[in-house]
Amino acid sequence: MFDLVIAGAGPAGAIAATLLHRGGFQVALVSPHIPHAAPSLKEHARIEGMSERVFKILSELDLPTEGVFPARQRSIYWGGLESRVNREHLVDRTVFDQALQEKARSTGVSLVSGLVRTITKDQNELLLDDGSILKAGLVVEARGRRAPSRTNSLRSHPTLAICGFTAPSMKETAQAASISALPSGWLWQASEPGLGTWSQLVVDATSLPPGQEGLESVWRETLAAASSAAPTGPPEFPKDPVVRSCELRLTTPELDPQLLTIGDAAIAIDPLSGHGLFWAISSALMCPVLARAVLDRETGLAKTFYRNRVQETFWRQARVGRDFYQLAHEEMKSVFWSNRASWPDTKPSHANIEKPAIKQQVIVRDGKLKKADTLLSALDPNGVAFIEGHELIPILKRLGKGPMPNPADFHAQILPDTDRATAEHVHAWIAHRKQAGGLPDTLL
Ligand SMILES: Cc1cc2nc3c(=O)[nH]c(=O)nc-3n(C[C@H](O)[C@H](O)[C@H](O)COP(=O)(O)OP(=O)(O)OC[C@H]3O[C@@H](n4cnc5c(N)ncnc54)[C@H](O)[C@@H]3O)c2cc1C
């Protein structure tokens, strides 16, 4: 019997499998697309954007980056806004996902080829399409948006992405990417020499005409206005279109100790944010510590930790997305924009922290969950517990109310047991927060 069996081997499931095995667990990863096995679930081409931050995290975690193309500038044509400050990588998801599965296998994870039919969570069992049953100490749900939906899950307005390789191409030789707001939708286009141009049109899904003809007419009508917005004029309808639903979903706001749910299966974010892959990795990163707590039946802290991470991520991303839709809504007044510019609510995207404060939160220390004091301020709205591996609040208490010592005295008096370079980093971080009003008066 395995300690854990993971249903679904997209980025969340495959990375969780590798990290769990590194953490000492026996893990099985179930996928219909095991490399070298006959696939039992049809997947289409998927090209997505990846931030430079995600690329860096993959390297730091010794995870593969096959299928990830070099970063390129992203042009934004968004209502009145035109900008070229962001950069993004392109990812060929077929190649990337297979490399992640191969990494899991070479790390020691057991790859099981099959389609999950049902999960009987109170028995910790998976039933596969060939009738076989897999049993484990704990089941992880990582089937992305294909995971069974829950009746009480929260969803934004029905939204569809119609995507595929298209002509005319953005300059064939250029590594380019652009995002353009249109009167009733938005278009992401990305081009890579040798790969072609990928176009992704996002539209409202409430009243789409049926069939491929319906999709084609929506494509043509929505893009009729694109000539001024997109740099290359409207792309033709893709030869092999891929249709994906992409509304936001909050499916598991609370931890279910019988079914650890991660990635898009837990929360699915608007593709506009480019944050989906980041969430897939960060939810995989929390798996080992949550699995240990659940298997040891210490679920109190695990529930708080999971709730904070899942809900903070969902609400922040939903509200940041809403604010971005509002920018374009100032220029475009259609229902597509007015619906999205007002969902999910009117609360600010970042908590308004007027005064820095100390708040106790559940954090990870030495691979275990524990309660610790964290510093909250407008500069650090999610709270900071550690700087360079040292607990921050005890350091601030040792510093007391006096003036900030110079770096050498700080090292000698406040952090004598660490090396000089680390002490200097901690000193610089605290000095910056002190100058910017990011430390509470009560401590200093
Ligand atoms: C149109 C669109 C565009 C996007 N663009 C971006 C972007 O540019 N940047 C970004 O960061 N994010 C983007 N995202 C989000 C990103 O795709 C997801 O956040 C990410 O794929 C989530 O990873 P996951 O592993 O949770 O789920 P998935 O990637 O969906 O993986 C789930 C896995 O489970 C498998 N599976 C499903 N059912 C079963 C079953 N019954 N049995 C066994 N296995 C099963 C699937 O085959 C798949 O391999 C986009 C999403 C959409 C819809």
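The shell around the ligand divides into 13 nonpolar, 12 polar and 8 charged residues. This is a predicted model. The ligand lies between two domains, because domain 1 (2–42 + 52–61 + 93–152 + 250–340) and domain 2 (159–245) both give residues to its shell. The points below cover the ligand site first, then some individual residues.

**Who surrounds the ligand**

- There are 33 residues around the ligand.
- Glu48, Gly49, Arg93, Val116 and Asp264 come nearest to the ligand.

- Leu277 places a backbone N or O atom 2.9 Å from an oxygen atom of the ligand.
- Gly276 also uses a backbone N or O atom, and here the distance to a ligand oxygen is 3.4 Å.
- Arg244 uses its side chain instead: a polar atom there lies 3.4 Å from an oxygen atom of the ligand.

**Cover and contributing elements**

- On its own, the ligand has 1000 Å² of accessible area, and the protein covers 94% of it.
- The top contributor is α5, with 3 residues.

**Ser377, a loop residue**

- Ser377 sits in the loop between β20 (368–376) and β21 (386–387).
- Is Ser377 buried or exposed? Its relative accessible area is 1%, so Ser377 is buried; the cut-off for buried is under 20%.
- Leaving aside residues up to four places away in sequence, Ser377 touches Ile353, Pro356 and Gly438.

**Backbone features in loops**

- Which two residues does a cis peptide bond join? They are Trp343 and Pro344, and omega is about 15 degrees.
- Pro344 belongs to the loop between α8 (335–340) and β19 (357–365).
- Asp62 is not a glycine, yet it has a positive phi of about 55 degrees.
- Asp62 is found in the loop between α2 (52–60) and β4 (72–78).
- Asn124 is not a glycine either, and its phi is positive, at about 55 degrees.
- The loop that holds Asn124 runs between β7 (116–120) and β8 (125–128).
- Why does Asn124 count as buried? Its relative accessibility is 19%, and buried means under 20%.

Key. Residues are numbered from 1 along each chain as its sequence is written. This is a predicted model: local features need pLDDT of at least 70, side-chain atom pairs count only at pLDDT 80 or more; totals for chains, interfaces and linings use all residues. Side-chain values use heavy atoms; hydrogens and water are left out. Helices (H or I, at least four residues) and strands (E, at least two) are DSSP runs, numbered from the N terminus. Buried means under 20% relative accessible area, exposed over 50%, partly exposed in between (1.4 Å probe, protein chains only). Contact means heavy atoms within 4.5 Å. A residue is near a molecule or strand if one of its heavy atoms lies within 4 Å of it. A polar contact is a pair of N or O atoms within 3.5 Å; within protein, one must be able to donate a hydrogen and the other to accept it, and residues adjacent in sequence count only if both atoms are side-chain atoms. Accessible areas come from the Shrake-Rupley method with a 1.4 Å probe; for residues, only the protein chains shown count as cover. Ala, Val, Leu, Ile, Met, Phe, Trp, Tyr, Cys and Pro count as nonpolar, Asp, Glu, Lys and Arg as charged, and the others, Gly among them, as polar. Domain bounds come from an automatic or database domain assignment.
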